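Please keep the viewer open as you read.

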Amino acid sequence: MKKLFAQAYIWVLLVLLYAPIVFIAIFSFTEARTLGNWTGFSLELYKHIFTGGVNGGASLMAAIKNTLVIALVAAAFSTLLGTVSAIGIYNLKGRKKKTIQFLNNIPMINPDVITGVSLFLLFVFLHFSQGYLTVILAHISFCTPYVVLSVMPKLGQMNPNIYEAALDLGATPSLALRKVLIPQLRPGMLSGFILAFTMSLDDFAVTFFTRGTIGLETLSTYIYADARKGGLTPELRPLMTLIFTIILILLVIMNVRQAKTNKK
Amino acid sequence: MSKRSNWAIPYLIFLVLFVVLPLVLIVVYALQDGNGNFTLSNVTRFFTDSDALSTFAVSVEVAIENTLICLLLGYPAAYILADKNLNKSAVTVILFILPMWINALMRTLATAELFNVFGFTLGKGTLLFGMVYDYLPFMIYPIYNVLLKMDKSYAEAASDLGATPVQVFGKVTLPLSMPGIFSGILMVFMPTVSTFAISEFLTNNKIKLFGTIIQENINSSMWNYGAALSLIMLVIIGLTTILLGGDEREVEGGTI
């Protein structure tokens, strides 16, 4: 009885949580311009995405490309910077370690708006013209802390003697780094990269304040501008449905694989 | 090995340039007039600007209400998810986190549209509902994590010693899950109090939140006043963090 009640509670919450997403997914299979208007089943909107015949012209496709490029570059650079820094921080002691860990926490606690405004003021102050580069720098600044936090526990779990042993056995430091250190840190780096990539993809506020006036649009800023004009570009519906389906499949695969390794 | 501590230096420089300096600049711009002279007028202007003050009050109110609703709905959910007898599959946990991968603005717009279809008038009610949608996972996840790691033998010991299930929960489980509750509150309250765009979509521009006012001022080149408003927000955030012991060491060793 208790179990039934608990299950029901979870499923009611999930149904409510997924209602908007399912709603969009259903209306991705019709052609109507306004969401919530059913004009018969059609795959026209899906076709538009792949043929480029989007109502919003090339701008939606450009926004998607920008979003992906920014997220990839920012996540890659954050992973590099975050991993190197985590090794450094791990080897620090005392007050120095606490200070840098405190600074590392600030971007995670800071609300997006504050991060955005503060970076905007920085670029204004430095007379740095805003565009692609400033957005990427801004994204690196709020993504790197997550990489540092993902890699640090792996350093803690690692046996430091293995690295020393590699050196004793004649490996150069760079060889020991590549063959011993990096492979052990890889899971942490990977989850850090994924986290950074997601944070960057989903960001709106920071991009909004640091993109300048050159007309750079990411998916978020595009959707924002679109909604302000009134009415979403209909092609966003199949797009969101596709993204959601891909992520769902990836997660299921990852979960199945993890379940398998856990059994071993 | 000691030389490897130097590897933190580039990041330290990066943090100073892209985290510390920008925050200092908020203070600097907040205390300057348009010509770069020192002034307190931006800050005093906020306290005499009834529009900004009422928006500020509404933002804090909405954020507190949203945090409370998320806690009331999220705690039982986290409890059920972490209990092996009630929930066996890890997939349900993932299902709660999955919506976060969908663009937040997109989700919000869909929510607003859903309200329209069902004939609800967009306003305070729909704003809260939509915000709970957006932030509930952020409350569930930290509480779930703490409950999952919790040593079950405490609760078992308490019930072996004759505590009723209600007593076990009130005296053992709840106090031990406090760190999760605190970080959940932090993760929901902070973004809600500063949110912008979301509130406009969910209320059809009827209710403006503090983040929107900051954005409007910055976008209309009122940098100094915008910075002053950001500074006020920063103070609120700082106070909340200290109050909730955002510092993990304090949470762990705190008098719970």
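Chain A has 11 helices and 0 strands; helices (H or I, at least four residues) and strands (E, at least two) are DSSP runs, numbered from the N terminus. This is a predicted model, in which local features need pLDDT of at least 70 and side-chain atom pairs count only at pLDDT 80 or more, while totals for chains, interfaces and linings use all residues. Residues are numbered from 1 along each chain as its sequence is written, and chains are lettered from A and ligands numbered from 1 in the order in which they are written.

Chain B comes to 13 helices and 0 strands. The table sets out some values for both chains; a residue is buried if 20 or more other C-beta atoms lie within 10 Å of its own, exposed if 12 or fewer, and partly exposed in between, with C-beta atoms placed from the backbone.

| Chain | C-alpha extent along principal axes | Buried residues |
|---|---|---|
| Chain A | roughly 70 × 60 × 40 Å | 40% of 264 residues |
| Chain B | about 70 × 65 × 30 Å | 43% of 256 residues |

Contacts here mean that the C-beta atoms of two residues, placed from the backbone, lie within 7 Å. Take the contacts between residues at least 6 apart in sequence: in chain A, 76% of them join residues at least 24 apart, and in chain B the share is 72%.

## Domains and one proline of chain A

An automatic or database domain assignment supplies the domain bounds, dividing chain A into domain 1 (58-233) and domain 2 (235-264). Taken over C-alpha atoms, the centres of these two domains of chain A are 23 Å apart.

Within helix α11 (residues 236-263) of chain A you will find A:P238. A:P238 counts as buried because 22 other C-beta atoms lie within 10 Å. Leaving out residues up to four places away in sequence, A:P238 touches A:S28, A:L45, A:Y46 and A:I49. Between A:P238 and A:G170, which are 68 residues apart along the chain, the C-alpha separation is 57 Å.

## Where the chains meet

Between the chains, 61 residues of chain A contact 67 residues of chain B. On the chain A side, helix α1 (residues 2-26) gives the most, with 13 residues. That side of chain A has 48 nonpolar, 10 polar and 3 charged residues. Here Ala, Val, Leu, Ile, Met, Phe, Trp, Tyr, Cys and Pro count as nonpolar, Asp, Glu, Lys and Arg as charged, and the others, Gly among them, as polar.

Two packed helices are described by the angle between their axes and the distance between the axes. The axes are lines fitted to C-alpha atoms, for helices over the stretch in contact, and angles run from 0 to 180 degrees between N-to-C directions.

Start with helix α11 (residues 210-219) of chain B and helix α12 (residues 223-243) of chain B, whose axes lie 7 Å apart at an angle of about 155°. α11(B) and α12(B) are therefore roughly antiparallel to each other, the term for angles over 145 degrees. Their contact includes B:F210 and B:I213 of α11(B), along with B:W223 and B:Y225 of α12(B). By class, this contact of α11(B) with α12(B) has 8 nonpolar, 3 polar and no charged residues.

In the second pair, helix α3 (residues 50-82) of chain B and helix α9 (residues 178-194) of chain B cross at roughly 145°, and their axes come within 9 Å. Among the residues that meet are B:S59 and B:V60 in α3(B) and B:I181 and B:G184 in α9(B). The contact of α3(B) with α9(B) divides into 10 nonpolar, 6 polar and no charged residues.

Conventions:
Angles under 35 degrees count as roughly parallel, over 145 as roughly antiparallel, 65 to 115 as roughly perpendicular and the rest as oblique.
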